[in-house]
Amino acid sequence: MNYTHLHQQLTTLFSLNKDFIKVPDSDVCIRNLDFYSSFQTSLLKNGIFQNQFGVEDSKIEENWHFKYPVFTPSDKKNNRAIILLHGLNERDWSKYLSWATYLAEQTARTIILFPLAFHMNRGKKEWSDPRVMNVLVSSRKNMYQNIIQSSFANAALSDRLSEDPMRFYRGGLQSAHDLIQLLNQIKNGNYPLLEKDTQINFFGYSIGAFLTQIMFMANPGNLLKKSKAVLFCGGTTFDNMSGTSKLIMDNLAYRNLNDFYLHTFERKSDTETKKNLSAPLHSVVKSFKAMIPIPSFSKLKEKGLSRLSKKITAIGLLKDQVIPAKHINNTLKSGHKKFHFQLHTIDFPYQYSHENPFPVYNSEKSALVDKSFEMVFANVSGLLK
């Protein structure tokens, strides 16, 4: 596969407003499906919705009803699928279109690109508007001294998390709920493109890898008993991530977020929704706390990782500054004899970053990127096939 050429083709062709898109020179088709999150309804039943999300976030309709792309390897209903989870603070699917096409072709699985709460097309349009966000950047710089890595791309998330760091938890909680809703839909045979009880694997990238770990540790409703996962540029605990980046969040937002979850979150979360969540989400919350990690949940982390060590493979990048490969190794190895994770640390012969592992070049460098992409995703396809 010529990754660079395919990436450019798909970026031009793709739109969430189209119901059907044929990938050029391939049997793969993209179908954009509707999703209605029932998270709001489940919280309303317990009388905790506004207390949980706040009035402002509850009114973001895009977060409750949205479209998401599904890549099908043929026009027949499939009985095998992969759910692909993206990174933090991403607003469009461009990066992932070629990833999903390759996986669909090589594994013959249906690839579901599922957006996390308040991400991709689940957020306000203004969050992606450079003109509007640059005003917010100026405001944050005037308000706070020593702020760095502030940009129009990370301004919305930085401001939202600075205002209320619990949004990270609440968004993750809704994302977990929506994934459970999706998995149950598929399991019960209510999914238009998949057969009942379809076998589902996961490909988690960056914060999507973090959520994948949490979901696998929690295994809500035993839905992931037969699933495997590959974690790309992910696999570490929260405290070993470094979210300061012009594409993720500024240094002030990250410092406040890190301090909150390491020192305040456990007490805050216990008073907010502990008694009102469903049993599956209770297990997700415990696994989240284990992966921060909160010391009192260390045994849960050790037990969970030990149980998952033969189900999960992690791929880290040597020059990744956001989720360093050495920290992935430390988390998944931990010197523990019960951990048997497959871990791969790789490097590419070109400039890359955590946020952009496969940059698009209009030069001879593109051949190096194409070769590196093929190397990584051929391995991923073999693991998830």
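**Cavities and helix packing**

Analyst: Lining the largest cavity are 24 residues, and Arg 167, Phe 168, Tyr 169, Gly 171 and Gly 172 lie nearest its centre. A cavity is a set of points, on a 1 Å grid over the protein atoms alone, where a 1.4 Å probe fits but cannot get out; lining residues have an atom within 4 Å of a point. This is a predicted model: local features need pLDDT of at least 70, side-chain atom pairs count only at pLDDT 80 or more, and totals for chains, interfaces and linings use all residues. Residues are numbered from 1 along each chain as its sequence is written, and side-chain values use heavy atoms, without hydrogens and water.

User: Which element gives the largest share of the lining of the largest cavity?

Analyst: Helix α7 does, with 7 residues. Helices are DSSP runs (H or I, at least four residues), numbered from the N terminus. The volume of this cavity is about 360 Å³, counted as the space filled by probe spheres set on grid points joined across faces, edges and corners.

User: How are two packed helices described?

Analyst: By the angle between their axes and the distance between the axes. Here, helix α1 (residues 3-13) and helix α4 (residues 94-107) have axes that come within 9 Å and cross at roughly 120 degrees. Axes are lines fitted to C-alpha atoms, for helices over the stretch in contact (heavy atoms within 4.5 Å), and angles run from 0 to 180 degrees between N-to-C directions. So α1 is oblique to α4; angles under 35 degrees count as roughly parallel, over 145 as roughly antiparallel, 65 to 115 as roughly perpendicular and the rest as oblique.

User: Which residues of α1 make the contact?

Analyst: Tyr 3, Leu 6, His 7, Leu 10 and Thr 11. On α4, the partners include Leu 97 and Trp 99.

Conventions:
Helices (H or I, at least four residues) and strands (E, at least two) are DSSP runs, numbered from the N terminus. On a 1 Å grid over the protein atoms alone, a cavity is a set of points where a 1.4 Å probe fits but cannot get out, and a pocket is an open set with protein on both sides within 12 Å along at least five of seven lines; lining residues have an atom within 4 Å of a point.
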